Structures are given as C-alpha cells and as structure tokens.
Amino acid sequence: MNKSIILLLLGVFAFMVSCEKEGDKVMMLDDPKAPQLVTMPDLNMSRDKGGDLLVFETSMVDPGFTASATYFLEAAAAGTDFATVIPILSTTDVDEIEIAVSDLNAMLIKYFPEDATSAVDFRVRSRLSVDAGTGAPGTGNMPFEYISTTVTEDVTLFGFLRLDLINSGVDQKNYFSIIKWGV
C-alpha cells in the first residue's frame with residue numbers, strides 16, 4: 001500500500017473518531033406556561049389552630065423542558081397589582097407549599113388588621129435557574145420569571161395575645177407602664 005493511501009485512511013479514521021454527537025438541544029417554548037395556584041387552603045385563621053399546616057397546591061412552570069426553578073409564594077393587598085409584595089416563602093419543591101397557620105398570620109399581620117377579614121391577593125412566581133457567567137438571557141439581572149394568575153381570598157387574621165386585667169378597664173400594657181413610671 002502506498003503511504004498516501006495509509007495517511008488518507010488514518011486521516012478519515014481520525015476525523016470519524018473526533019466527531020461526537022452534540023447532545024440534545026433544549027428548546028424553550030415561545031409561550032412558556034407559568035406556574036399556577038391550583039387550590040387554596042381555608043384562610044380563616046384562629047389562634048387555637050396556630051400549629052396546623054396550610055397547604056397551597058401549585059403547578060410547576062413549563063418552559064418546554066425539565067427546568068430547575070425557584071418558586072416564591074407571595075401576597076399583597078387585593079387590587080394593588082402587587083405594588084407592595086409580601087414574601088411568604090420560597091422553595092424548589094412546588095407541588096405543595098406548606099406553612100403553619102401561626103407563621104402566615106405573623107407575616108400578614110404586619111400589613112392587615114388583626115381580628116378582621118381582609119381581601120388578599122396571592123400568586124406564585126417562578127425563576128428559572130440558568131448557568132451564570134454567559135451573559136445570555138436568563139442570567140444575571142435578566143432572569144426568566146413566570147408568574148401565576150392572581151387568586152384573591154378573604155383572610156381572617158388573629159391578633160396578638162393580650163391579657164386584659166379583668167373588670168379593671170385597663171389593659172395589661174397600660175397597667176405595667178403605670179407601675180414602671182409611677183404615672
């Protein structure tokens with residue numbers, strides 16, 4: 001055999017061995033499906049059920065491929081278009097978001113009146129996890145975020161525990177300030 005034919009065969013063999021399959025390409029849907037709040041728990045909260053768990057059932061974001069995402073359960077005063085977002089919690093496991101009655105009550109009482117019913121908007125926001133450092137969309141300050149439709153629910157919050165002095169007409173806070181300051 002001629003040296004040039006051997007070199008040609010070695011070149012073809014090297015070329016064939018060096019070609020690798022590029023792998024599966026990930027394609028994002030033109031209109032990815034946002035996560036949704038599927039079911040809402042009863043939000044008529046009471047102190048005696050403070051240790052009970054509230055379960056918000058949700059669906060995952062669907063960008064057209066299996067994606068890693070972080071999900072945020074958020075609330076706001078009804079009709080405000082989430083001008084002031086109340087972050088409830090974040091998770092990567094979105095099928096059921098669980099929170100104790102007392103924990104949700106403590107978060108919402110900062111924004112809504114105690115011992116009263118208020119209309120509250122809830123939503124689930126998802127942020128896809130994309131490899132950083134590429135400068136591509138979905139990284140840095142351009143994350144891929146998808147937000148569920150808003151669900152408005154009536155929420156009844158319980159107030160902080162107060163100990164009123166029986167038949168005195170003076171609540172405990174005022175009574176102790178009188179003792180402390182001699183007023």
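Leaving aside neighbours within four places in sequence, T156 is in contact (heavy atoms within 4.5 Å) with L43, N44, M45, A116 and T117. T156 lies in strand β8; strands (E, at least two residues) and helices (H or I, at least four) are DSSP runs numbered from the N terminus. The side chains of T156 and N44 are joined by a polar contact of 3.4 Å, the term denoting a pair of N or O atoms within 3.5 Å, of which, within protein, one must be able to donate a hydrogen and the other to accept it, with residues adjacent in sequence counted only if both atoms are side-chain atoms. With a relative accessible area of 18%, T156 is classed as buried because the class covers values under 20%, against over 50% for exposed and in between for partly exposed (1.4 Å probe, protein chains only).

The model is predicted, with local features requiring pLDDT of at least 70, side-chain atom pairs counted only at pLDDT 80 or more, and totals for chains, interfaces and linings using all residues. Residues are numbered from 1 along each chain as its sequence is written, and side-chain values use heavy atoms, with hydrogens and water left out.

The protein chain has an average pLDDT (the predictor's confidence in each residue, from 0 to 100) of 80, and 67% of the residues score at least 70. Confidence is highest in strand β8 (residues 151-157), at a mean of 97, and lowest in helix α3 (residues 172-181), at 46. The pLDDT is below 50 over residues 173-183, a stretch with 4 contacts in the model beyond near neighbours in sequence.

The largest nonpolar core has 29 residues, of which M45, F56, L104 and L108 touch the most other members.

Terms used:
A nonpolar core is a set of buried Ala, Val, Leu, Ile, Met, Phe, Trp, Tyr and Cys residues joined through side-chain atoms within 4.5 Å.
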